[in-house]
Amino acid sequence: MRRGLSAFNVTSIALGLAFLYLPIAILVIYSFNASRLVTVWGGWSTRWYVALLHDSAMLDAAWTSLRIAFLSATAATVLGTLAAAALVRAGRFHGRTAFSAMVYAPLVMPEIITGLSLLLLFVALDADRGFWTVTLAHTTVTMCFVTIVVQSRLLSFDTSLEEAAMDLGAPPLRAFLTVTLPLIFPAVAAGWMLAFTLSLDDLVIASFTTGPGATTLPIRIYSEVRLGVKPEINAICTIMIAVVALGVVAAALIGKRTELARVGADGRGG
Amino acid sequence: MSETGQQRPPQRRSWGSRLVVLVPALWLAAFFLVPFLIVLKISLSQTAIAQPPYLPVLDLAAGWQGFREFIAGLSLESYAMLASDSLYLASYLRSLEIAALSTMMLLLVGYPIAYGIARAPRRAQTVLVMLIVLPFLTAFLIRIYAWINILQRDGLLNDMLLALGLVREPLTWLSTDTAIYIGIVYSYLPFMVLPLYASLERMDETLLEAAADLGCPWWKAFWLVTVPLSLPGVIAGALLCFIPIAGEFVIPDLLGGSDTLMIGQTLWTEFFANKDWPVASAVAVALLLILLVPIVIYQHLQMRALEDR
């Protein structure tokens, strides 16, 4: 594609980014509003953050969500990376089409269908619904996103390094763990991040698969939002945005360091 | 591990490589495939005041006799209800209408953005793509909630319109279709921009120069060269948006009105409010059948993208 931007290009990018970021910016600004009325500006204040510290139900929900997100993202990263390796590296194994169908379908499947079907599974198994059922559900849905991220990295990956390791006698598994995995690590980390935020964010699937005692943050926020806009909600949302933004910046930095390390290694090698 | 001596055989079949396929395959079969079969089964059951709230329940302990009774107990009653009550049909049609219209809006909004990014200098492209993805990573629920702040009756949008003197009294934005469309376009924009960008970025610029050299006006070159070449991105983006939007629950629930429900809301109500599991399952099965064709096309595209590289 030709480089060089016309005024039209610049305008459409600027308007697009404004559309994406203005509502979030407004939300963040209003979380520091001193007024109880959400729409009237009453000067800067952090009182809603203080109020949040005393809202134990909200804090419990946040803690539950963080634990679920951590566990499910970790499990999803392992499973998703395996699935990506299977799709890209395992060649044409028997049932590959069916396998890829199962991997790609959850990406577009309406959450409401996935949520309902997982709940009915847990009911059929007579499993106690709560923390673990939500974790299992989130692992299943988010692993497919990890697969997409890792798969695109594996596709552009130079297989000769891995093959060289195997020619030198490393078993395939060891070659993958010691040669391939470190090189695709930025993609794996990005996949974990994506899985973590998707889990932290999910309302529909969690609503179906949770049980008494395991209220996640989105479920809690949703029940509050249905009753109307509250300044405390602005505050908790701002904190979540900050956590995610920090995570993304950290991931970008890790990615850059690995990239730098690779350039450095290449330079030495040549 | 025994095959390490072989010279990179194309079909390595160590226990390790089998495990790489088996573990995720079994996981997805257990938590994705089997649950659908259960949904199908319960959609053929009947509501009951029991725990679980449906009949018949397959009793494996009863053996063959139990299985026969179970099969005899299945019925199409839930599907008959879907067909007879026009409420469900209206709900499906509305979902498809909203999904189709908002996919078109997303294309119109997303294309210029993707096109602009594809023309930007390389370094800027990475940053711009990151900026498009970033809001997608900040919670979906929060982004919908942010719009409630803006669209409510005494919200910022009305304040602004009043201050500018464009309207005399506050307009109703929340609980309207306009709010649903704004929410959907806002939430799904990255899903449209990224595939479009991916196909536009790969385009060969010399084709446009050739067209210009041959005296083709830019708008004609755009229509005859750029658009056809970006078609894979258009189709991928459209499917990536259309399918989940058709089953959307949160956006219409928080931003929309209560007159006609989208099918996701209908399913939610049947399940959580009416506790009618068989009908909720039948709604899900029918929705899946409606979306089957776009889902299969999407799968096909994904597979082809995997083979191409």
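**A first look**

Guide: B:Arg94 counts as buried, at 14% relative accessibility. Buried means under 20% relative accessible area, exposed over 50%, partly exposed in between (1.4 Å probe, protein chains only). This is a predicted model, where local features need pLDDT of at least 70, side-chain atom pairs count only at pLDDT 80 or more, and totals for chains, interfaces and linings use all residues. Residues are numbered from 1 along each chain as its sequence is written, chains are lettered from A and ligands numbered from 1 in the order written, and side-chain values use heavy atoms, without hydrogens and water.

Visitor: What does B:Arg94 meet in a salt bridge?
Guide: B:Asp177, at 2.9 Å from N to O. A salt bridge is a side-chain nitrogen of Lys or Arg within 4 Å of a carboxyl oxygen of Asp or Glu. The pair links distant parts of the chain, 83 residues apart: B:Arg94 is in helix H4 (residues 86-119) of chain B and B:Asp177 in helix H8 (residues 177-201) of chain B. Helices are DSSP runs (H or I, at least four residues), numbered from the N terminus.

Visitor: And is B:Asp177 buried or partly exposed?
Guide: B:Asp177 is partly exposed, with a relative accessible area of 37%.

Visitor: How many salt bridges are there over all chains?
Guide: Four, in a search of the whole structure. One of them joins A:Arg220 and A:Glu224, with the closest N and O atoms 2.9 Å apart. Both lie in helix H10 (residues 217-225) of chain A, four residues apart, about one turn of the helix. A:Arg220 is partly exposed at 23% relative accessibility, while A:Glu224 is buried at 12%.

Visitor: What's the count between chain A and chain B?
Guide: One salt bridge. A:Arg226 pairs with B:Asp253, and their closest N and O atoms are 2.7 Å apart.

Visitor: How many residues are in contact between the two chains?
Guide: 93 of chain A with 102 of chain B. Contact means heavy atoms within 4.5 Å. The area buried between the chains is about 9100 Å², and carbon and sulfur atoms give 76% of that. Buried area is the accessible area (1.4 Å probe) that two parts lose on being put together, summed over both.

Visitor: New topic. Why is H4(A) called largely enclosed?
Guide: Because ten of its 13 residues are buried, H4(A) is largely enclosed by the rest of the structure. Among the buried ones are A:Phe99, A:Met102 and A:Tyr104.

Note on methods: Helices (H or I, at least four residues) and strands (E, at least two) are DSSP runs, numbered from the N terminus.
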